[in-house]
Amino acid sequence: MGLFSRKPVFCAVCNKELKHKHKPKKEWNINGRLCGDCHVDKMQEFYEAKVRQPCVNCGIIKKISDLWEPRWQWDMEGLLCKECFDKKEEEFVRRKNFCSLCGTKLGFVRYNTKSRWKVEGQLCKNCWDSEKAKHG
Ligand SMILES: [Zn+2]
Ligand SMILES: [Zn+2]
Ligand SMILES: [Zn+2]
């Protein structure tokens with residue numbers, strides 16, 4: 001009977017002949033069986049992959065606990081490293097306080113651009129007037 005064939009089975013990763021076969025998890029995308037060592041390695045690798053993520057801005061890979069969630073106003077998906085977070089925040093504050101076109105510091109009164117102007121951020125009165133004249 002071919003049921004208990006003694007064909008040796010080899011580890012799909014290191015090719016060692018297997019005495020104890022370990023079944024890889026589906027999400028590992030491995031065909032075949034693994035030895036104990038490779039199984040442990042893969043477990044670790046995938047665990048790490050789960051708790052590590054690249055910064056969506058610069059791509060540096062960090063532990064999720066070291067990454068920052070962008071502020072909702074930034075309209076971003078994913079996580080940022082501390083550096084990119086700080087940069088974004090600075091950029092955002094700058095954008096919030098200065099005219100996007102001429103860079104004048106905005107006072108209490110500021111003007112929101114209209115979406116069809118294709119200008120982001122806020123404008124001083126002068127720039128707003130001239131954009132309005134240009135685009136209507
Ligand atoms: Zn192996
Ligand atoms: Zn980054
Ligand atoms: Zn301006």
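Start your tour with domain 2 and domain 3 selected: their C-alpha centres lie 25 Å apart. Keep in mind that this is a predicted model.

Now colour the chain by domain. Domain 1 covers 9-50, domain 2 covers 55-97 and domain 3 covers 98-136.

Next, zoom out and show the C-alpha trace. Along the principal axes, the C-alpha atoms fill a box of roughly 90 × 30 × 20 Å. The radius of gyration is 28 Å, while a compact globule of 136 residues would have one near 14 Å. If you colour by burial, buried residues come to 11% of the 136 in the protein. Contacts tell their own part of the story: of those between residues at least 6 apart in sequence, 15% join residues at least 24 apart.

Switch to the cartoon view.

Is Cys 102 buried or exposed? Cys 102 is exposed, because 11 other C-beta atoms lie within 10 Å of its own, and a residue with 12 or fewer counts as exposed.

Setting aside neighbours within four places in sequence, Cys 102 is in contact with Cys 124 and Cys 127.

As a last stop, select Asn 31 along with Cys 102 and draw a distance between their C-alpha atoms. These two residues are 71 apart along the chain, and their C-alpha atoms are separated by 60 Å.

Conventions:
Residues numbered from 1 in each chain as written. Chains lettered and ligands numbered in written order. Predicted model: local features only at pLDDT ≥ 70, side-chain atom pairs only at ≥ 80, totals over all residues. Domains from an automatic or database assignment. Buried ≥ 20, exposed ≤ 12 C-beta atoms within 10 Å, placed from the backbone. Contact = placed C-beta atoms within 7 Å. Rg over C-alpha atoms; globule rule 2.2 N^0.38 Å.
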